[in-house]
Amino acid sequence: MAVETKEYRAEARFQRVSPQKARLVLDLIKGRGVQEALETAQFTKKRIAPVIHKLLTSAVDNAKYVSGERGIDLDVDNLYVKLAIANDGPRMKRIRPAPMGRAYRYQRRLTHIILSVAERDGGNSHLVTKADEPETAAKSTKKTAAKKTVSKTAKKSAAKKPVAATKKKAKK
């Protein structure tokens with residue numbers, strides 16, 4: 001049975017940084033608590049870090065506002081960064097002068113950054129996405145897996161013995 005969690009998101013579009021560089025900072029904060037992620041973004045020495053800090057603050061403010069409007073009880077201390085992605089935006093084509101009157105073309109990349117925060121379950125550090133299997137089904141799968149590995153090793157050892165015997169005969 002899936003647990004429904006409410007996500008609150010914020011976007012920063014058309015940021016003048018490559019998605020690869022933005023992902024360096026986003027990977028630092030993904031999965032962390034909001035307070036820890038804000039501190040990480042604040043002290044990271046990348047040009048996009050202040051933008052991500054502002055975006056994360058906006059996502060938290062969105063969570064407060066939407067939960068207040070809908071009458072949902074939200075614990076801000078329990079929020080964490082659920083989704084942090086940097087997608088490609090449009091590319092700006094530019095030209096740089098080159099020797100002998102020629103021109104070199106290059107592209108300036110733009111990024112769309114999406115941040116989503118959600119509330120953690122009480123004391124659990126992870127979200128439940130599937131119902132647990134009954135113990136009897138888990139035991140039967142373990143037994144069949146063990147039988148398969150035993151049969152594979154038996155086949156390998158049986159296959160090796162005749163090959164070794166044929167090599168000895170060939171040497172004589």
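Welcome! This is a predicted model, in which local features need pLDDT of at least 70 and side-chain atom pairs count only at pLDDT 80 or more, while totals for chains, interfaces and linings use all residues. Residues are numbered from 1 along each chain as its sequence is written, and side-chain values use heavy atoms, leaving out hydrogens and water.

**Overall fold**
- The protein chain has 4 helices and 3 strands (DSSP runs numbered from the N terminus: H or I of at least four residues for helices, E of at least two for strands).
- Along the sequence, the pattern reads β-α-α-α-β-β-α.
- Of the 172 residues in the protein chain, 27% are buried, meaning under 20% relative accessible area with a 1.4 Å probe, protein chains only.

- The 3 strands form an open sheet in the order 1-3-2, with antiparallel pairing (strands pair if DSSP finds at least two bridges between them).
- Strand 1 (7-15) and strand 2 (79-97) stand at the edges with a single partner strand each, so one side of each has no neighbour in the sheet.
- Strand 1 pairs with strand 3 (residues 103-119) over 7 bridges in the antiparallel sense, and Tyr8 has Val117 in strand 3 as its bridge partner.

**A look at Ser67**
- Ser67 sits in helix 3 (residues 49-70) and is buried, with a relative accessible area of 6%.
- A polar atom of the Ser67 side chain lies 2.9 Å from the backbone oxygen of Ala63.
- Leaving aside neighbours within four places in sequence, Ser67 is in contact with Tyr8, Ile72 and Leu74 (contact means heavy atoms within 4.5 Å).

Key. Buried means under 20% relative accessible area, exposed over 50%, partly exposed in between (1.4 Å probe, protein chains only). A polar contact is a pair of N or O atoms within 3.5 Å; within protein, one must be able to donate a hydrogen and the other to accept it, and residues adjacent in sequence count only if both atoms are side-chain atoms.
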